[in-house]
Structures are given as C-alpha cells and as structure tokens.
Amino acid sequence: MKIALLGYGKMGKAIEALALERGHQIGAVVDDASQWPDQEQKVKGCDVAIEFSMPSTAVDNIHRCFALHIPIVVGTTGWYDQLETIVEQCKREQQSLFVASNFSIGMNIMFDLNRRLAHLMSRYPEYKADISETHHVHKLDAPSGTAITLANDMIAANPHYNQWSLCDEVWIDANGAVDNNKSTHPHPQVEANEIPIHSERRGEVAGIHSVVYDSAVDTITLSHSAKSRRGLALGAMIAAEFVQHKQGYFTMRDLIND
C-alpha cells in the first residue's frame, strides 16, 4: 500500500516508521499547504492518505483528497463543527473517509465501556460526572477530541446531561508550575445538566483521559493512559488498511466491529 502523509509532525513520523515496518510505502508527504502544488500528483498516485495536521488545514486536506478520489484517514481534531457537512459530501460523492478522535485500540475499548457505564449511571443521579484530559504542550486544541467523544457518548446514554463545558485549561511549564499566562478558566461554573471537562497541557504526555463519577459515599473512575504515540500510529495504520478499498464514512466502531 502506498500512503500519502498529510502532516509530518511527530505523529506523521511515527506513522511513517510503522508503515515501513509493515511493508508499506510512503508515496507523498505534505506538511504545509504550500507544498500541495508539488505533491498533488504524488498524492494522486497513492492508495490512501493519512491526515494528522492542524485543525486549520484538516478540512482543506479532506477536500483535496476527495477531489483526487483518494481514501483519507483523519486523526486531526478541532474541526468537528464541519464534520456533518463533510460526511454528507463524502456520501453524496461516494468518497472514502475514516475519522477518529483517537485511534488507540485501548482507548476505543474505553469508549465502549464509557457508553455502558453512562447507561448504568443514569439510574443514580446522586453521582456527578466529570472528565479530565492531559496532553503534551504541542496539542493546541482543548478539550481534546477524545474528551469530547467521551462527553457526547455520556450525554447520549444519560438523560441527566445534555451538554458539556470546558471548565479550565491548565498549562504546566518546564518547572512544574502553572503558567498563568496560558491557563484559562472559560466556564468555571457548572450547571447540573453539564459535564465539566478539565484540560491540562504538560511536557510530552502522550494522552491521559479519565471519566469520574463522584458521590458523597464513593467515587468511580474509568481511565486510559497512552504510553506513547505508537498506539495511535498503529490504529491509524489499521484504519488505512481497512478503508483503502471501501466507500463511505467510517469510524473506529466500524473497524472494531468488522
């Protein structure tokens, strides 16, 4: 399989290394919009594109791959306000699109457990839900797409909640202290029907997500901690192998249940 890498940061490089290990080829690399004119024909010659760029460029990269009729796997988050429109276009034009907020197999098992737990907890409103996520300082969007997926799944399964809110975004500097110049508290007050999300950016943390249900008598915690980017890279590679000969819109639930 020949792969186009759209975004050549740490994730792009991790995917490249794993792709070569699995016997695939890298046919094109686009790390900046200015490189598209030189790389477009190379991308067109690829079997699939894997997109890990920036929220500001992800949608444009998707449109470019649709124009070339190249299946695309998208790991960039922070653009989901346009997801519904993109999915409609994908189906209308018979394109191939695979989107996931987190490609880790372990994290997707947590998604499933989170949905089941949320359903169970709907019977016990005395437990208050809370989500926290921690990532490396290079991740600019907050909350993470993974945290948003967790929150939306909880809302769908538990009628006591109908929205989520980012309560605080805390940046930790190299000395382990809170960077007050970057840290914000956009929504410190939480309504009863809201799920609060707490975001932290610290060092080179690959990704930690926790769902907490707290009551006066005990606390239930569901948590996932990524050890490196390799798990995400592996999931993205498996997604690319899965989608290359398919048409339509796919997520990790399609892959896991295939």
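## Close-up views of a predicted model

View 1. Ile 109 sits in helix 5.

**View 2. Four residues make a nonpolar surface patch.** They are Ile 105, Ile 109, Leu 113 and Ile 256. The patch covers about 320 Å². Helix 5, which spans residues 105-121, gives the most to the patch, with 3 residues.

**View 3. The whole chain comes to 8 helices and 11 strands.** Its C-alpha atoms fill a box of roughly 60 × 40 × 30 Å along the principal axes. The radius of gyration is 19 Å. A compact globule of 258 residues would have a value near 18 Å, so the chain agrees with that rule. Of the 258 residues, 48% count as buried. The chain exposes about 12,500 Å², and carbon and sulfur atoms supply 50% of that area. Now take the contacts with a separation of 6 or more: residues 24 or more positions apart account for 69% of them.

**View 4. The largest nonpolar core has 25 residues.** Those with the most contacts inside this core are Ile 3, Ile 15, Ile 50, Val 73, Phe 98, Phe 103 and Met 237. Several elements give two or more residues to the core: strand 1 (2-6), helix 1 (10-21), strand 3 (48-51), helix 7 (230-243) and helix 8 (252-256). Helix 7 gives the most, with 8 residues. In soluble globular proteins, nonpolar side chains tend to be buried together.

**View 5. Phe 103 touches residues from several parts of the sequence.** Neighbours within four places in sequence are left aside here. The contacts of Phe 103 include Phe 52, Val 73, Val 74, Gly 75 and Phe 98. Asn 108 is also in contact with Phe 103. Further along the sequence, the partners include Gly 231, Leu 232, Gly 235, Ala 236, Ala 239 and Met 252. Another core, of 24 residues, lies apart from the largest one. Among its residues are Val 43, Cys 46, Ile 72 and Trp 79.

**View 6. Glu 40 is found in helix 2.** This helix runs over residues 36-44. Is Glu 40 buried, partly exposed or exposed? Glu 40 is partly exposed, because its relative accessible area of 31% falls between 20% and 50%. Ala 28 is 12 residues apart from Glu 40 along the chain. The C-alpha atoms of the two are separated by 8.4 Å.

Terms used. Residues numbered from 1 in each chain as written. Predicted model: local features only at pLDDT ≥ 70, side-chain atom pairs only at ≥ 80, totals over all residues. Heavy atoms only, no water. Patch = residues over 30% accessible without salt bridge, like charges linked within 9 Å, V, L, I, M, F, W, Y side chains within 5 Å. Areas by Shrake-Rupley, 256 points an atom, 1.4 Å probe, with all protein chains shown as cover. Salt bridge = Lys/Arg side-chain N within 4 Å of Asp/Glu carboxyl O. Helix = DSSP H or I, 4+ residues; strand = E, 2+ residues; numbered from the N terminus. Rg over C-alpha atoms; globule rule 2.2 N^0.38 Å. Buried < 20%, exposed > 50% of the residue type's maximum accessible area, 1.4 Å probe, protein only. Contact = heavy atoms within 4.5 Å. Core = buried A, V, L, I, M, F, W, Y, C linked by side-chain atoms within 4.5 Å.
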